[in-house]
Amino acid sequence: MSDLVTCNIIDLFTNLERDKNGDLLWSWTFPYIYQEQKDFIEKKYILQETTDYIYGRWKTLWFYINLMECDSKAIKDVAQVGLIIWAKEFNPDKYRALSSLLCKTYIDSGDPTKVLQVYLNAFTKEIDSNENGSLLFKEYCSYGAYSNFKVKEMINTFGLEVILIYNALLLKRKLIVYHHNLPVLLEWIKSFPYLMTHRKFDEIFYPWIELTDEEIQELKSCSYYIAGCSDNSIFSRPELYDVLVNLPAKEITVAQHCKDRLPMTKVHKDIALFMEQLGKSDLSEEKIIKAISDKTQDIISRLKSLTTLLDDGNYKLSLSNLKQNEISSAMENFLIQLATSENIQITGD
């Protein structure tokens, strides 16, 4: 567990309670928490009253909250307990296991020192199965990284139209994923970045946003993003998205302002058919993600074959040379936008 906690958990661990009057009580913190973080979580908590596991992003940190009903003699007058872990690492399944164990430990004992003991044991890989039915973290860390993803289900849900999601991610567009049920949304959205495994997504991924001025402003600071939203008023905010994925309706909408910035070519038809076949296959999530990644690398390699390698190791795409190749205007448009997305220098000579 040292690779999960020591390196990636910021020095903060918080236990949040809601008493039976509906008030929030910050009952225990290790080692500290900033007021700004408290304010942010309380706003989130009030907006989404649910007993479940939820997670999201605050600035450069990820927060993981396990919410459980509390009917324990050890904790009087507390209706619900929320256990929050703050981390530098995005791994919702891993922290679901840890936060669940810690939350159950607190509910059963009512003693924060017992929670602290388990938390510190996580640093030294000494977590073991106990009466709470906890998972051995040594064993957990050896599980397949893609076992709880929904890439295959995404393909089978949207069919050939999944290419709209793929293209939006490939060309770095603003993608919003909607579901009215927050836990369902969070189960789905964690799979979306893995359609583009050759890119880091930490800085552009917002699994759970509320349409508050503060969070909208943070979105607008990004030139592109993947964001999840459970507020249906997002449908009336087309300025916030280029592509909107409506999970319950199984619909994908391309905003009018972005249609010419998401060109479709024969390459896209081939990829859509390829992904459809992957969805029908018996391949595991990991192998499907790898197959999509390989196909993406093939496209990027074809683009780079039309470029010049510079002395500094970067690539340059000449528009005049590109026009000398007998390709359609749609393909030319796509390659130029892909070059921009891959940080390839574009020149007119």
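Predicted model: local features only at pLDDT ≥ 70, side-chain atom pairs only at ≥ 80, totals over all residues.
**Overall composition**

The chain has 349 residues, of which 52% count as buried. Its secondary structure comprises 13 helices and 13 strands. Among contacts between residues at least 6 apart in sequence, 64% join residues at least 24 apart.

In soluble globular proteins, nonpolar side chains tend to be buried together. In this model, the largest nonpolar core contains 110 residues, and Ile165, Leu175 and Phe192 have the most contacts inside it. Helix α7, residues 162-170, gives the most to this core, contributing eight residues. Leu175 touches Ile165 and Phe192, and its other partners include Ala168, Leu169 and Tyr225. Also among the residues in contact with Leu175 are Ile226, Ala227, Val243 and Val245.

**The five-stranded sheet**

Strands of a sheet pair through backbone hydrogen bonds, either parallel or antiparallel. Here, five strands form an open sheet with mixed pairing, in the order β7-β8-β6-β9-β10. Its edge strands are β7 and β10, each of which pairs on one side only. From one strand to the next, the twist averages 15°. Strands β7 and β8 run parallel and are joined by three bridges. Within this part of the sheet, Ile209 stands opposite Cys229 in β8.

| Element | Residues |
|---|---|
| Strand β6 | 174-178 |
| Strand β7 | 205-209 |
| Strand β8 | 225-229 |
| Strand β10 | 251-254 |

Where does His179 lie relative to β6 and α8? His179 is found in the loop between these two elements, with α8 spanning residues 182-189. His179 counts as buried because its relative accessibility is 11%, which is under the 20% limit for that class. A polar atom of the His179 side chain lies 2.9 Å from the backbone nitrogen of Asn181.

Leaving aside residues up to four places away in sequence, His179 touches Val184, Leu185, Cys229, Ser230, Leu247 and Pro248. One of these partners, Cys229, is the β8 residue that stands opposite Ile209. Two others, Val184 and Leu185, have numbers within the range of α8, residues 182-189.

Definitions and conventions: Residues numbered from 1 in each chain as written. Heavy atoms only, no water. Helix = DSSP H or I, 4+ residues; strand = E, 2+ residues; numbered from the N terminus. Buried < 20%, exposed > 50% of the residue type's maximum accessible area, 1.4 Å probe, protein only. Polar contact = N/O pair within 3.5 Å; in protein donor to acceptor, adjacent residues only side chain to side chain. Contact = heavy atoms within 4.5 Å. Core = buried A, V, L, I, M, F, W, Y, C linked by side-chain atoms within 4.5 Å. Pairing = 2+ DSSP bridges. Axes fitted to C-alpha atoms, helices over the stretch in contact; angles between N-to-C directions.
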